[in-house]
Structures are given as C-alpha cells and as structure tokens.
Protein chains: 2
Amino acid sequence: MTSRPRTSDPSDEAYERLRQGIMRGEVSPGQRLVEADLVEALGVSRAVVRTTLTRLTHAGLVEKEPNRGARVRTVSEEEAIEITQARSVLEALAARHAAERATATDVAGLRTILGEMKTMLAAQDLLGYSEGNSRLHAKIIAISQHQTVQRLVANLRAQMVRFQYRTILVPGRGKESFAEHKKLVEAIAAHDGDAAEAAMRNHLLHVTESLVRTKGSRPDGAGLFGRI
Amino acid sequence: MTSRPRTSDPSDEAYERLRQGIMRGEVSPGQRLVEADLVEALGVSRAVVRTTLTRLTHAGLVEKEPNRGARVRTVSEEEAIEITQARSVLEALAARHAAERATATDVAGLRTILGEMKTMLAAQDLLGYSEGNSRLHAKIIAISQHQTVQRLVANLRAQMVRFQYRTILVPGRGKESFAEHKKLVEAIAAHDGDAAEAAMRNHLLHVTESLVRTKGSRPDGAGLFGRI
DNA sequence: GGTTACGATTTTACTGACAATGTTGTTGGC
DNA sequence: GCCAACAACATTGTCAGTAAAATCGTAACC
C-alpha cells in the first residue's frame with residue numbers, strides 16, 4: 001500500500017520525477033526505458049508509466065519505436081546546435097519584448113542577478129554562474145510576457161541539459177559571456193528593443209560557436225536512477 | 001519523406017484523424033471531447049483515445065483539466081499574434097539557412113510554386129493562393145534542412161488553422177503578399193542569407209499586422225465530426 | 001563452419017472492469 | 001421564492017490481466 005501524500009496526481013508526479021531523472025542525467029541517453037522497471041521505480045501502474053512516456057516523447061526527451069519500447073533520446077551535437085539556433089531567435093524576440101515592457105523593478109531584478117553572476121565568476125564558481133545565467137534568461141522571458149516563446153524555449157532547454165555546462169567551460173568564455181549579458185541588460189534598461197534583440201542574438205551566436213568548438217567532448221553521465 | 005503505404009498503428013491513425021478533424025474545424029473550439037464518444041467515432045479503445053488526447057494536448061490543440069476532461073483548445077487572437085511572431089523569427093532563421101543551402105533545383109522549385117501562386121491570385125482563387133503560400137513556406141523550411149525549426153513551425157502552424165484564411169481576405173493583402181514572397185525567393189536564389197531572413201521577417205510582420213487589423217472577425221466553424 | 005529456421009522469453013499494446021472525482025437535478029428548510 | 005445540502009448520474013483516472021509483436025538463443029541443415 002502506498003501511503004503517498006496526495007498533494008498532486010500520481011500521474012503528474014511520475015512525469016515530473018522521470019523528467020527530472022532524465023534532465024539530471026540519472027538515466028543515460030540511449031538507455032532503454034522498460035515499462036515494468038519504471039513501474040517499480042516510480043511506484044505507479046503501467047498505465048501511468050505509459051502516459052508518462054507518451055508525454056516525454058512529445059517533449060522530445062524520450063524516443064519511442066512501435067513495439068520496441070522507449071529510450072532516452074540522444075541529442076546529437078548537430079541537434080544541439082540547431083536547438084541553440086532556434087532558442088537564439090526566440091529568446092531574441094523575447095528580449096525585444098522585454099525591452100519594450102520592462103518596468104524599473106524588472107530592470108532592478110535583472111541587475112541584481114547580473115551582480116550575483118559577477119560575484120560567482122570572480123569566485124570561479126562556474127556552476128553557480130551557469131545557474132545565474134539560467135535565471136537571467138528566464139527572467140527576461142518572464143518580463144517579455146510572451147507565453148508562446150516561454151513555452152517553446154522551456155521545451156528546447158529541457159532537451160539541452162546534457163550540454164548546459166559545456167560552453168561555460170571553454171577557457172575565457174566566462175568573461176565574454178558576462179560582458180554579453182551586461183550589454184543585454186543595459187539594452188533592456190534603455191528600452192532599446194533593437195539593441196536587446198541584437199545583444200541576445202550575438203550572445204547565443206557565441207554559445208553556438210562554443211558548442212561547435214567543443215564538439216566531441218562528452219560530459220559526465222553519472223548517477224543512478226533507482227534500480228534502472 | 002518516406003512514403004507510408006499503410007498506417008501501421010491504429011493509435012497513429014486515430015491521432016491523425018482527430019487532429020485533422022480539429023484542424024479542419026469539424027469540431028468547434030471549446031467543444032468537450034468526451035472519451036466515450038471518441039471511442040465510438042474513431043472506432044478504437046479508450047486507451048488509444050486517451051493516448052491521442054495526451055498527444056494532442058502536448059501539440060497544443062487540446063486542453064485537459066484534471067478529472068474534467070479534454071476540450072478543443074481555443075486559440076485567442078492574442079495567442080495567434082504571439083504564435084505568428086514566434087513563427088516569424090523561426091521561419092526567418094529557416095530562410096537564412098535555405099539561402100545558404102539552396103541548389104539550382106531548389107530555386108527552380110520555389111519559382112514554380114511562385115508562378116502557380118501568381119496564377120491563382122490573378123484568377124482570384126484565394127483558397128488556392130493560400131494553399132500555394134503554405135507549400136512555399138514548407139518548401140523553404142525543407143530546403144533549410146533545419147529539423148528543429150521544421151518541427152516547431154509545424155506545431156505552431158497547426159494551432160493557427162482557425163486563422164489561416166483570415167489575413168489573405170484583407171483587401172489588397174494578396175498583392176502585397178505576393179510581392180513579399182517574390183522578394184523572399186529572389187533573396188534565396190541569390191544565396192543572400194541576410195536578405196532572405198529580412199524578407200521573411202518583413203513578410204510575417206505584415207501577416208501579424210493583418211491579424212491585428214482583423215481582430216474580432218470570426219471565420220466559419222462549420223462541419224460536423226461524426227456524431228460528436 | 002556459417003547460415004537459416006524455429007521456439008522460448010521478454011516487452012509492448014490492448015481490453016475490460018473498478019474506483020475516484022466532478023456535475024447536475026432534486027428536495028427540504030428558511 | 002431562493003439557497004443549501006444531498007443523492008443520482010456522468011466522466012475521468014487507475015489497475016490487473018490477456019493477446020500480439022519483437023528479440024534472442026538454440027539447433028538443425030547445407
């Protein structure tokens with residue numbers, strides 16, 4: 001008997017747990033996801049597991065072949081570049097909107113995050129910097145109030161987790177990255193849509209270039225996900 | 001694309017049928033999609049219907065509330081504008097790639113479609129023109145060989161079906177639209193990525209403006225889908 | 001020795017039934 | 001007459017079990 005807290009639907013919880021598991025790299029890319037195993041690992045019935053896998057398939061995190069089961073989708077380097085390009089133009093659109101809509105409070109929030117990133121960078125805390133990076137991008141999208149872009153970018157980012165720490169590890173990239181972010185925030189503060197869009201595109205163009213440059217270096221994939 | 005001689009899974013067929021039904025407006029937006037009814041209408045089991053609804057939810061065509069069922073998602077005018085904006089930047093990216101990759105055969109294909117569109121426009125066949133329009137955009141994306149953009153735009157377009165004929169009905173829009181497309185094709189033919197991107201953005205900016213201008217006019221929604 | 005046919009096992013796809021939840025119509029009280 | 005509680009209904013969410021498909025290993029044959 002499962003005395004689980006009934007805060008949310010078991011279906012949603014299972015989805016979220018498996019999604020987190022994939023995003024944290026606790027299940028390796030390409031690994032088979034056998035339904036029976038997931039039933040045990042997630043503590044739900046097979047019907048729920050099936051729904052979860054269908055949902056993750058559409059989210060682009062899982063690949064399903066008819067009668068052959070599901071496996072964690074492997075995002076190739078080429079795909080990662082494509083995804084970053086798509087993100088680039090979408091986030092540039094968001095940056096433009098953000099520049100047009102940002103209130104004084106919004107700008108202050110962005111500057112706060114930027115300050116934290118500067119501290120992290122100075123302390124060589126690249127993980128912390130990367131996390132601040134994510135927050136800054138997320139905040140800009142939030143300020144843009146563009147629901148569609150928000151949805152699309154969230155999906156694209158989820159598929160990219162395997163590469164998220166790679167670009168920042170390129171020597172000297174951190175400093176460049178910070179300068180780019182600073183320019184971006186200033187453009188938004190000045191309510192200059194064109195400049196904000198250009199800054200975001202420029203920034204993500206450099207991210208793409210870093211991705212191309214580091215092609216082939218496989219990051220970690222450690223960790224286990226229950227008994228899978 | 002590989003020709004699919006037989007629809008292998010009943011699941012896929014059901015998905016495609018319901019999707020077409022929604023996209024053709026045979027089920028009205030906001031209408032409830034009761035699982036039992038769909039079982040009868042599609043001739044499949046409830047499990048398949050459930051999977052179908054889950055998939056369509058992720059595709060943005062259906063809205064699901066916990067324990068309250070699914071209904072055809074209503075895309076508001078504001079959302080339609082957002083979607084068009086997102087499409088704009090993504091298709092502009094595709095146009096750039098297409099300009100860089102287009103072969104002579106590709107360009108010839110584009111010019112053929114453009115010629116057909118001109119004929120349709122001269123004959124006042126706006127439906128035919130709209131269809132040619134879709135083919136042209138699809139071909140550009142195909143030439144770009146950008147899988148990610150292709151996937152994203154396909155999803156966005158599917159959500160927009162309710163608005164697809166509206167913009168072309170704006171007086172004088174047809175002629176403008178054709179000129180924009182011509183410019184776009186010429187930029188691709190000249191392998192000028194910047195110009196192609198700019199042309200596509202300019203074109204879809206005008207589509208957005210037409211959308212804003214026609215806000216409020218509800219197009220047809222006729223047709224029935226079995227006994228639903 | 002290598003290849004192919006075949007059977008056992010694993011795994012997915014589907015079906016029917018049951019439980020939980022939301023909704024609607026009705027009745028009683030104020 | 002109007003509002004609230006309650007009961008009947010409708011619909012979704014979940015579960016266990018069965019059938020179908022694919023893979024893998026084994027053995028026979030050329």
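This is a predicted model: local features need pLDDT of at least 70, side-chain atom pairs count only at pLDDT 80 or more; totals for chains, interfaces and linings use all residues.
DNA strand D is surrounded by 16 residues. Chain A and chain B also touch one another, with 21 residues of chain A in contact with 21 residues of chain B.

**The surface near DNA strand C**

- Two or more residues each come from α2 (35-42) of chain A and from α1 (10-23) and α3 (46-59) of chain B.
- Sorted by class, this surface near DNA strand C has 7 nonpolar, 5 polar and 3 charged residues.

**The surface near DNA strand D**

- The closest residues to DNA strand D are A:Ser11, A:Ser45, A:Ala47, B:Glu35 and B:Gly69.
- At least two residues each are supplied by α1 (10-23) and α3 (46-58) of chain A and by α2 (35-42) of chain B.
- The element that gives the most to the surface near DNA strand D is α3(A), with 3 residues.
- The classes in the surface near DNA strand D are 7 nonpolar, 5 polar and 4 charged residues.

**How the two chains meet**

- Of the 21 residues of chain A in contact with 21 residues of chain B, at least two each come from α3, α4 (77-101) and α7 (147-159) of chain A.
- On the side of chain A that touches chain B, α4(A) gives the most, with 9 residues.
- That side of chain A divides into 10 nonpolar, 7 polar and 4 charged residues.
- Because 95% of the interface residues of chain A are also interface residues in chain B, the copies meet through the same surface.

**How the two chains are related**

- Chain A is superposed on chain B by a rotation of 180° with 0.0 Å of shift along its axis, and the RMSD is 0.1 Å.
- The two copies are therefore related as by a two-fold rotation axis.
- Among the residues of chain A, A:Val89 comes closest to the rotation axis, with its C-alpha at 2.9 Å.

**Nonpolar cores**

- The largest nonpolar core has 71 residues, and those with the most contacts inside it are A:Leu90, A:Ala95, A:Ile188, B:Leu90, B:Ala95 and B:Ile188.
- Another core lies apart from it and has 18 residues, among them A:Leu38, A:Ala41, A:Leu53 and A:Leu61.
- Leaving out residues up to four places away in sequence, A:Ile188 touches A:Ala95, A:Ala98, A:Ala99, A:Ala102, A:Val107, A:Leu110 and A:Ala196.

**Strands in chain A**

- Strand β1 (residues 32-33) of chain A pairs with β3(A) in the antiparallel sense over 2 bridges, and A:Leu33 has A:Ala70 as its bridge partner in β3(A).
- Strand β2 (residues 62-65) of chain A and β3(A) run antiparallel and are joined by 4 bridges; A:Glu65 has A:Gly69 as its bridge partner in β3(A).
- β2(A) and β3(A) form a hairpin with 3 residues between them, and A:Asn67 in the turn has a positive phi of about 65°.

**Strands in chain B**

- Chain B has an open sheet of 3 strands in the order β1-β3-β2, with antiparallel pairing.
- The edge strands of chain B are β1 (32-33) and β2 (62-65), each of which pairs on one side only.
- Between β2(B) and strand β3 (residues 69-72) of chain B the pairing is antiparallel over 4 bridges; B:Val62 has B:Val72 as its bridge partner in β3(B).

**A closer look at A:Val207**

- A:Val207 is part of helix α9 (residues 193-213) of chain A.
- A residue is buried if 20 or more other C-beta atoms lie within 10 Å of its own; A:Val207 has 23 other C-beta atoms within 10 Å, so A:Val207 is buried.
- Not counting residues up to four places away in sequence, A:Val207 touches A:Thr84 and A:Thr167.
- From C-alpha to C-alpha, A:Val207 and A:Val72 are 25 Å apart in space, and they are 135 residues apart in sequence.

Notes: Residues are numbered from 1 along each chain as its sequence is written. Chains are lettered from A and ligands numbered from 1 in the order in which they are written. A residue is near a molecule or strand if its C-beta atom, placed from the backbone, lies within 6 Å of it. Ala, Val, Leu, Ile, Met, Phe, Trp, Tyr, Cys and Pro count as nonpolar, Asp, Glu, Lys and Arg as charged, and the others, Gly among them, as polar. A nonpolar core is a set of buried Ala, Val, Leu, Ile, Met, Phe, Trp, Tyr and Cys residues joined through C-beta atoms within 7 Å. A residue is buried if 20 or more other C-beta atoms lie within 10 Å of its own, exposed if 12 or fewer, and partly exposed in between; C-beta atoms are placed from the backbone. Two residues are in contact if their C-beta atoms, placed from the backbone, lie within 7 Å. Copies are superposed by least squares on the C-alpha atoms of residues with pLDDT of at least 70 in both. Two strands pair if DSSP finds at least two bridges between them.
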